[in-house]
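Subject: Structure for you to look at

Dear colleague,

Here is the structure I promised to hand over, with the sequence beside it.

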Amino acid sequence: MQPGGIGRTLRKPNMETIPNAQPARSVAESQSEMTELILPNDTNVLGNLLGGRLMHFIDLVAAMAAYRHSRSHVVTASMEHIDFIAPVHVGDLLVLKSSVNRVFHRSMEVGVKVWVENAHVNLTRHVASAYLTFVAIDKDGHSIPVPPLLIRSSEEQRRYDDAGRRREQRRQEHDRKRQNQNGSQKI
Ligand SMILES: CC(C)(COP(=O)(O)OP(=O)(O)OC[C@H]1O[C@@H](n2cnc3c(N)ncnc32)[C@H](O)[C@@H]1OP(=O)(O)O)[C@@H](O)C(=O)NCCC(=O)NCCS
């Protein structure tokens, strides 16, 4: 299996010419999980988990996957497409899972899915999902290449393809904003 696609032959990275070159890693190698018990400090006056607190947990579990994959320092470049699907209550057990969807060059997209587990009634409910982009950096804060990702299942391939579409949308949005800024500077 080649990095970046099922049975697809991609250009093999030349380990001698890429600084910080590391071998390709599978999605499973960096998948991460975190469990949090929601306490009163995490909630609003109604006893519901604060959105900002949930975003903090999402950022942490996503950073774990990015760090495990890149084996370098990482910073969050963007967090997007957060869907808060259902409220989370004080006393709930929150389970967060993250995996690297796609590696670009110096950045990687990580997907996070969040569930609430209620052991009393034996129920697991999907409450949120998010996509984040992390950039690998060296100790001086300079961005560095991220090792390739090995895609080993059709599900991983679907996430890989979707991540490419989201990156293209981000690029278009970025270009549109820049054009608007240039336009607004004209008198
Ligand atoms: C993220 C950061 C390192 C990018 O620095 P930069 O000089 O713009 O980096 P570059 O232009 O060389 O781009 C490096 C990569 O980051 C990606 N990137 C930069 N800004 C991005 C953004 N807002 N969203 C998604 N990706 C972004 C680029 O697409 C590029 O990816 P690629 O190499 O895979 O194609 C810099 O903006 C930064 O330090 N931001 C603050 C991060 C931070 O403090 N986060 C919160 C705390 S962890």
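Helices (H or I, at least four residues) and strands (E, at least two) are DSSP runs, numbered from the N terminus. This is a predicted model, in which local features need pLDDT of at least 70 and side-chain atom pairs count only at pLDDT 80 or more, while totals for chains, interfaces and linings use all residues. Residues are numbered from 1 along each chain as its sequence is written.

The chain has 2 helices and 7 strands, and along the sequence these follow the pattern β-β-α-β-β-β-β-β-α. Of its 187 residues, 28% count as buried, a residue being buried if 20 or more other C-beta atoms lie within 10 Å of its own, exposed if 12 or fewer, and partly exposed in between, with C-beta atoms placed from the backbone. Two residues are in contact if their C-beta atoms, placed in that way, lie within 7 Å; among contacts in the chain with a separation of 6 or more, 72% are between residues 24 or more positions apart.

A nonpolar core is a set of buried Ala, Val, Leu, Ile, Met, Phe, Trp, Tyr and Cys residues joined through C-beta atoms within 7 Å. The largest one here has 34 residues, and those with the most contacts inside it are Ile58, Ala62, Ala66, Val100, Val110 and Val112. Two or more residues each come from α1 (51–70), β4 (93–103), β5 (107–118), β6 and α2 (154–185), with β6 giving the most, 8 residues.

Finally, there is the ligand. The residues around it, counted when the C-beta atom, placed from the backbone, lies within 6 Å of it, include Thr76, Ser78, His105, Arg106 and Thr133. β3 (73–84) and β6 each supply at least two residues of this shell, and the largest share, 4 residues, comes from β3.

With best wishes
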